[in-house]
Amino acid sequence: MTVLSLKNTLLFLLIVMCSCGSKSQESEDCCPEENPKPQITPIPAANKTEAYLPLLEGKRVAVVANQTSGINDGKIYLIRATDTVTGDTIFNKRTERTHLVDSLLARGVNIVKVFAPEHGFRGRADAGESVKDGVDTKTGLALLSLHGKHRKPMPEQLTDVDIIVFDIQDVGVRFYTYISTMSLVMEAAAEAGIPIIVLDRPNPNGHYIDGPTMLAEHTSFLGMHTVPLVYGMTIGEYALMVNGEGWLKDGVKADLTVIQNTYYNHRSKYVLPVRPSPNLPNATAVNLYPSLGLLEGTNLNAGRGTDYQFQLLGSPYLPQEKYTYQYTPQPNFGSKYPKHQDTDCNGLFLGQEPYLSMVDLQWIVQAYRNHTKKDEFFNTANFTTHAGTPLLQQQIQQGLSAEEIRASWQPEIEAFKKIRAKYLLYEE
């Protein structure tokens with residue numbers, strides 16, 4: 001196992017951040033004329049080409065990637081726009097991006113195939129939707145799905161591969177399946193004796209640890225390891241933990257290299273340049289996802305079938321006098337069959353909630369108390385799969401408060417922190 005240390009060889013980027021009172025979903029709007037507060041923007045490891053290109057020379061390379069696998073070319077420019085609410089002029093920062101696969105090919109790297117996770121190589125498939133093998137029309141490369149017939153590369157798919165590069169943006173939540181895909185790819189690489197490089201990326205939810213800890217008997221593709229719901233690690237740190245703790249099948253160890261982010265620590269606020277999956281369209285949804293993702297195992301709709309995925313909740317069985325936001329889920333990008341499709345829902349719009357640094361249970365606890373069909377509230381098997389334990393459903397049904405439930409998580413969280421500490425690459 002090799003961990004390449006931070007190099008200060010990339011261009012130092014300072015981005016002036018300030019508030020314009022804008023209600024735009026862009027959280028990086030810039031007003032040059034107002035009290036600039038410089039802060040360093042984290043740079044994903046994919047941009048550190050000098051750190052990993054030498055490892056690919058003369059090798060047949062497989063890449064595990066999706067739409068988030070981009071390299072910035074360093075050019076930053078501002079787009080002048082008008083805020084639709086206030087009428088103010090705002091300046092939205094943009095950075096030109098090139099897909100990792102296109103970048104490597106342009107540099108002469110011999111890519112022989114691409115593996116794609118849930119949602120596919122271009123990130124357009126629904127959650128849980130099976131993705132088929134195919135060919136990338138732009139490059140002609142074979143696309144092999146890791147969310148279809150197989151979720152782990154088959155031995156015969158690796159016979160013409162010398163090294164694997166993994167570069168996918170995670171959001172730091174246990175049931176978000178990209179870490180499961182990474183673990184299975186590491187496992188396949190270890191079994192085949194093939195080195196694997198993980199290009200690290202900042203974790204937008206890397207600033208805290210919270211939620212129930214997965215029980216071993218409930219592990220699945222929605223949670224393969226006994227970690228809290230929010231684990232506070234980058235995907236590179238997570239890879240080191242999985243490898244170091246012997247969590248791969250039969251305790252095999254991958255020949256793992258992690259290329260680190262630049263200018264990142266666990267306090268960094270990082271806004272993803274592209275949506276990591278169809279139903280996480282912006283920074284607000286990403287921040288709310290650890291809390292609202294639990295609703296997937298309930299009768300509640302969490303915004304699928306609307307333009308506010310994971311920014312609202314609703315159900316036909318919530319009282320309108322308390323849940324005053326009305327909407328009707330319809331099929332759309334990322335949700336062909338949304339929960340309560342074509343049915344009027346009473347709900348809450350959460351898109352203006354303060355930035356969270358915990359799993360907020362208030363919404364699910366209150367919704368259960370107010371739901372008029374409590375016997376239909378939980379899809380028990382699915383909820384337990386997401387929560388990682390049957391205890392959370394029992395606590396909600398027993399009427400425990402959100403604070404009482406969160407307090408019950410702390411012993412397992414403290415135990416996990418001791419394991420996590422061994423693999424951190426960045427300051428907290």
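Predicted model: local features only at pLDDT ≥ 70, side-chain atom pairs only at ≥ 80, totals over all residues.

I started with Glu245, which at 25% relative accessibility counts as partly exposed; by the cut-offs I used, buried means under 20% relative accessible area, exposed over 50%, and partly exposed in between, with a 1.4 Å probe and protein chains only. Residues are numbered from 1 along each chain as its sequence is written, and side-chain values use heavy atoms, with hydrogens and water left out.

**Entry on salt bridges**

I looked up the partner of Glu245 and found a salt bridge with Lys422, with the closest N and O atoms 2.8 Å apart; the term stands for a side-chain nitrogen of Lys or Arg within 4 Å of a carboxyl oxygen of Asp or Glu. This pair links distant parts of the chain, since Glu245 is in the loop between helix 4 and strand 15, Lys422 is in the segment after helix 9 (402-420), and they are 177 residues apart. I took helices (H or I, at least four residues) and strands (E, at least two) as DSSP runs, numbered from the N terminus. Lys422 counts as exposed, at 54% relative accessibility.

I then noted that the structure holds 11 salt bridges, one of which joins Asp102 and Lys138 with their closest N and O atoms 2.9 Å apart. Asp102 sits in helix 2 (residues 100-106) and Lys138 in the loop between strand 9 (134-135) and strand 10 (142-145), 36 residues apart. Here Asp102 is buried, at a relative accessible area of 18%, whereas Lys138 is exposed, at 60%.

**Entry on positive phi**

Asp250 is exposed, with a relative accessible area of 71%.

Phe310 also went into my notes, with a positive phi near 55° in a residue other than glycine. Phe310 lies in the loop between helix 5 (283-292) and strand 16 (312-315), and at 1% relative accessibility Phe310 counts as buried.
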